[in-house]
Amino acid sequence: MPLRRILFGAIAVIVILALGGFAWTWRPAIAPISASERPSVDEQTYRRGAELAAIGDCNVCHVGDSGKGYAGGRAIPTPFGTIFATNITPDMETGTGGWSEAAFQRAMHEGVDRQGRQLYPAFPYDHFTKTTNDDIHALYAFLMSQPAVRNAIPANELAFPLNFRPTIAGWKILFFRDAPLQKDDSKSEEWNRGRYLVEGLGHCGSCHTPRNILGAEKQSSAYAGGVAEGWDAPPLNTNSYAPQRWTADQLAEYLSTGWHRLHGAAAGPMADVTDNLAKASTQDVRAMAAYIASLSAQSPVPNNAAAPWNGNQVAGTFAEIIPIYTGACANCHNDQADVGPSKAISLSLSSALRKQGSANAVRVILDGVQPRPGFSGAYMPAFGSMFTDQQIASLAEYVRARYTDLPQWTDVREEISKGRQGGS
Amino acid sequence: MTIALHVNGDSHEIDADPSTPLLYVLRNELALHGPKFGCGLGQCGACLVHLDGRAVFSCILPIAAVGERKITTLEGLIENGKPNKLQQAFIDEQAAQCGYCISGMVMRAETLLRVNRHPTDDEIRQHMRLNLCRCGTHAAIMRAIKRAAVA
């Protein structure tokens, strides 16, 4: 099988590079600090750190049980096995209590922990390396001010040779570039600020850029769309298939509220991102929006804020499912400009329906869209327990036929089965 | 169009538009007034019933989608003509203020206790969070569920 051969060859290359690269990338341990050596933190630095942590989505992976912030332990599924997010609260034994700022800065910039061990790039230091020392200082101050939580993290579940950390050194030689961003003087301050945050702390490319077989982002296809936890992360570049081209204003509203009336709700892993960006500074989110909008500015798709469209006539083929659509979906997805309390947009504006695969559409039908406790936002009930697989498949195919002119999906059954197992 | 529904152990032939929400049929055709119309959007939980044992919003479940699956309403939990243990616990704790949400609360709680006989407070809160009560009787609802759990 060619793929297996490529994979085997690639792993062999990595092992060789690991041996060669080990010496070159070896880093010493940085001496631990005691609790009394931690810096005192002023309120302004703490707040800045909190905003930056929100942009970095630190709490999404490093979440602890029962929502204990930053205590770690979340299982991060990767194509190579499971990596458990570490405890980044200042607990001396199980967390980062002994980390000096220099150790934290090295982890962010080089992907090496305080003890000198290589870190897996599930921790996106390929992006964090672009973060300035000033911002890292504020982040460090914020994280070291969190309550220390004692929470020992399970060992990663990775197959040989990837469970051998020096292998990561080989990966770094191939794919890791720690050059800081150079300001582009032909662009505005806001655009440059946005690029710094999107390419750096925001690590948007981690999901929105496709990865190669060794899990590195394909730089030649930056922002051409990737995957995240079984969801498709849509392209942010001119490959975007959003029915309306995103403007910077629309993106700023969507990123800070999780919803826009011409684009709909953030769902799946993106909902965590928008919940966090609600806590970031307005100027930073605006800057990120300006940069992201520039990535698809040359897209031929217009943004005309068109009135919703009520769809193709496809009644005959779908006679059995239409009453179910009418009774279950059309009360909210009513194709009117007034979206009502559910904030359900016309499906003619849905990008999920225009994707090549049905993953996102199926997952939204199965699991719905729930605002976080304490947040108000778009709401859709989970239909997974109400409808049979056959009904969900027919609904997905019906809305694809009614609201797009694209060929019918062929992966709906498969995605329903994956979505039901909660997997990717 | 005639559609067969199995509700609380009985079968019924219903003559209605297939897109009609199950809730309307339960209340208006079958006189089962446990489930209530709240938001009509599947947001509040007042209309909750069981569909093959799983909690579903009957206000957005078209009768065409039910098929052979069995429906249970608040009335269907009655045992030997008396409130069952969970229903009695809601009565004993006087968990109702206006009472509009209570049928949905009981139906939701039943699906928790069936799989978890001794839920923690956190587990109860997590499970019940999709059901809304505007009077604010959440503390009494919590007590009722815990009373039924240990009884």
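The predicted model scores ipTM 0.92 and pTM 0.90. For chain B, the mean pLDDT is 96, and 100% of the residues of this chain reach 70 or more.

The size of an interface is often given as the accessible area lost when the parts come together. Here, chain A and chain B bury about 1,600 Å² between them, with 63% of that area on carbon and sulfur atoms. To the contact, chain A gives 19 residues and chain B gives 18 residues. Of the area that chain A buries against chain B, 35% is supplied by A:Tyr379, A:Ser385 and A:Met386, more than by any other three residues. One of these, A:Ser385, is placed in the loop between helix 14 (359–367) and helix 15 (389–403) of chain A. When neighbours within four places in sequence are left aside, A:Ser385 is in contact with B:Leu51, B:Arg54, B:Ala55, B:Val56 and B:Arg69.

In chain B, helix 3 (residues 102–115) packs with helix 5 (residues 138–150), their axes coming within 11 Å and crossing at roughly 40 degrees. Helix 3 of chain B and helix 5 of chain B are therefore oblique to each other, and helix 3 of chain B passes helix 5 of chain B in a right-handed crossing. The residues making this contact are B:Ile102, B:Met105, B:Ala109 and B:Leu113 on helix 3 of chain B, together with B:Ile141, B:Ile145, B:Ala148 and B:Ala149 on helix 5 of chain B. Classified by type, the contact of helix 3 of chain B with helix 5 of chain B consists of eight nonpolar residues, with no polar and no charged ones.

Helix 3 of chain B also packs with helix 4 (residues 121–128) of chain B, at an angle of about 125 degrees and with the axes 10 Å apart. These two helices of chain B, helix 3 and helix 4, are therefore oblique to each other, and the crossing in which helix 3 of chain B passes helix 4 of chain B is right-handed. From helix 3 of chain B, B:Met105, B:Arg108, B:Ala109, B:Thr111 and B:Leu112 meet B:Glu123, B:Ile124, B:His127 and B:Met128 of helix 4 of chain B. The contact of helix 3 of chain B with helix 4 of chain B comprises five nonpolar, two polar and two charged residues.

In chain A, the axes of helix 4 (residues 101–110) and helix 6 (residues 133–144) come within 10 Å and cross at roughly 120 degrees, and the crossing of helix 4 of chain A and helix 6 of chain A is right-handed. On helix 4 of chain A, A:Glu101, A:Phe104, A:Gln105, A:Met108 and A:His109 meet A:Asn133, A:Ile136, A:His137, A:Leu139, A:Tyr140 and A:Leu143 of helix 6 of chain A. The contact of helix 4 of chain A with helix 6 of chain A is divided by class into six nonpolar, four polar and one charged residues.

Two local backbone features remain to be described. Most residues other than glycine have a negative phi, and most peptide bonds are trans. The peptide bond from A:Phe160 to A:Pro161, however, is cis, with omega near 5 degrees, and A:Pro161 lies in the loop between strand 3 (157–158) and helix 7 (167–175) of chain A. In chain B, B:Asp52 has a positive phi of about 50 degrees although this residue is not a glycine, and B:Asp52 is located in the loop between strand 3 (48–51) and strand 4 (54–57) of chain B.

Definitions and conventions: Residues numbered from 1 in each chain as written. Chains lettered and ligands numbered in written order. Predicted model: local features only at pLDDT ≥ 70, side-chain atom pairs only at ≥ 80, totals over all residues. Heavy atoms only, no water. Axes fitted to C-alpha atoms, helices over the stretch in contact; angles between N-to-C directions. Helix = DSSP H or I, 4+ residues; strand = E, 2+ residues; numbered from the N terminus. Parallel < 35°, antiparallel > 145°, perpendicular 65-115°, else oblique. Left-handed = near helix turned anticlockwise from the far one by under 90°. Contact = heavy atoms within 4.5 Å. Nonpolar A, V, L, I, M, F, W, Y, C, P; charged D, E, K, R; others polar. pLDDT = per-residue confidence, 0-100. Buried area = accessible area lost by both parts, 1.4 Å probe.
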